Amino acid sequence: MPVPAEEAFSIHLHLRENNNSSLWVRGRLALEEKLSAGSACISDLEKPPVLYLPEPYYFLQFYIPRKTLNGFCYDNQMNPIDNLLRGRKGVDETLHSLGLALLPALRNPHSSSQLFVDQVGLGILAHAVHRYGRGFEKETSTRGGLSAWQIRRATEFLEANLQGKTSLYSVAAECELSVSHFARAFRKTFGRPPYRWLIERRIDMAKTYLLHSDLPLADIALRCGFPDQSALNKSFRRFLKQSPGEWRNSKK
């Protein structure tokens with residue numbers, strides 16, 4: 001089926017090997033080779049591609065509008081990017097790892113953190129610019145962290161939304177910053193990305209319930225913004241090396 005022309009790029013991250021594939025651009029054969037699991041194929045949608053995959057295929061598609069790409073470059077003091085390279089032979093281990101990290105959230109969007117999805121998406125965009133962008137230049141100067149009022153507004157907003165889904169875009173908007181600028185400034189200010197900061201605050205809230213209530217762990221998990229008890233247990237072990245039950249018993 002024809003792909004409509006638009007100012008955007010499409011990145012296909014192949015999750016399984018494909019032995020027989022071909023890509024045409026403007027009626028000319030551009031690529032014909034075996035695609036390994038973890039390889040990336042990039043198409044400029046202003047030049048509508050035709051992709052032939054005679055075998056069953058399994059890939060993640062990342063859609064990047066050109067204005068998003070150049071907005072990211074502007075926020076990070078880089079030159080605008082004319083194009084993204086079509087892709088390289090072999091495995092793109094970074095993109096493959098980021099894609100696999102996203103899969104559980106894509107399969108279960110109702111039980112995933114929007115902040116986490118936004119952070120991984122921003123990482124994918126940064127990687128695409130760095131590895132496949134033409135005219136890439138490193139940042140020439142380092143901007144500071146959040147201002148005092150932005151720190152107050154960001155923390156107040158995140159604290160007020162501990163129990164619900166919060167997107168990186170909504171927090172950045174509260175601070176009147178673009179997403180990429182906010183994420184960088186937040187990390188510089190707090191030494192951790194917003195998603196990790198939010199998880200730490202949720203764990204602090206869970207500690208309060210564990211110490212001062214007899215609520216079951218499943219109820220505490222939901223009150224603290226975790227989708228279920230399993231997610232609470234996983235976060236507790238990651239940060240404290242103990243399960244919530246073990247931590248509660250150690251404080252008695």
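This is a predicted model: local features need pLDDT of at least 70, side-chain atom pairs count only at pLDDT 80 or more; totals for chains, interfaces and linings use all residues.
Figure 1. The C-alpha trace spans about 70 × 45 × 25 Å along its principal axes. The protein has 252 residues, and 42% of them count as buried. Take the contacts between residues at least 6 apart in sequence: 72% of these join residues at least 24 apart.

Figure 2. The mean pLDDT of the protein is 84. A value of 70 or more is reached by 92% of the residues. Over residues 135-142 the pLDDT stays under 50. For that stretch the model has 13 contacts beyond four places in sequence.

**Figure 3. Helix α1 packs against strands and helices.** The buried residues of α1 are R66, L69, F72, C73 and D75. Their strand partners are β1 (8-14), β4 (40-44) and β6 (59-65). Their helix partners are α3 and α6. Q77 follows α1 and has a positive phi, near 55°.

**Figure 4. Helix α6 runs from residue 179 to residue 190.** The helix has 12 residues. From its first C-alpha to its last it reaches 16 Å, close to the 16 Å expected at 1.5 Å a residue. Which residues of α6 are buried? They are V179, S180, H181, F182, A183, A185 and F186. These buried residues pack against five helices: α1 (66-75), α3 (114-132), α4 (148-160), α5 (168-174) and α7 (194-212). Just after α6 comes G191, which takes a positive phi of about 75°.

**Figure 5. F116 and Y195 form an aromatic pair.** The structure holds seven aromatic pairs. In the pair of F116 and Y195, the ring centres are 5.3 Å apart and the planes stand at 50°, so the pair is tilted. F116 belongs to helix α3 and Y195 to helix α7, so the pair ties together parts that are 79 residues apart in sequence. F116 counts as partly exposed because its relative accessibility is 25%, a value that lies between the limits of 20% for buried and 50% for exposed. Y195 is also at 25% relative accessibility and therefore counts as partly exposed.

**Figure 6. Four aromatic residues are joined into a cluster by ring pairs.** The members are F182, F186, F190 and W197. Two of them, F182 and F186, are among the buried residues of α6. W197 has a further neighbour in R201. The charged end of R201 sits over the ring of W197, 5.0 Å from the ring centre.

**Figure 7. R16 lies over the face of Y58.** The distance from R16 to the centre of the Y58 ring is 4.3 Å.

**Figure 8. C175 and C224 are both buried cysteines.** C175 counts as buried because its relative accessibility is 0%, and the limit for buried is under 20%. C224 also has a relative accessibility of 0%, so it counts as buried. How many disulfides does the structure have? With a disulfide taken as a pair of cysteine sulfur atoms within 2.5 Å, the count comes to zero.

Definitions and conventions
Residues are numbered from 1 along each chain as its sequence is written. Side-chain values use heavy atoms; hydrogens and water are left out. Helices (H or I, at least four residues) and strands (E, at least two) are DSSP runs, numbered from the N terminus. The expected span of a helix is 1.5 Å times one less than its number of residues. Buried means under 20% relative accessible area, exposed over 50%, partly exposed in between (1.4 Å probe, protein chains only). Contact means heavy atoms within 4.5 Å. Rings of Phe, Tyr and Trp (its six-membered ring) pair if their centres lie within 6.5 Å; planes under 30 degrees apart count as stacked, over 60 as edge-to-face and the rest as tilted. A charge sits over a ring if NZ of Lys or CZ of Arg is within 6 Å of the ring centre and within 35 degrees of the ring normal. pLDDT is the predictor's confidence in each residue, from 0 to 100.
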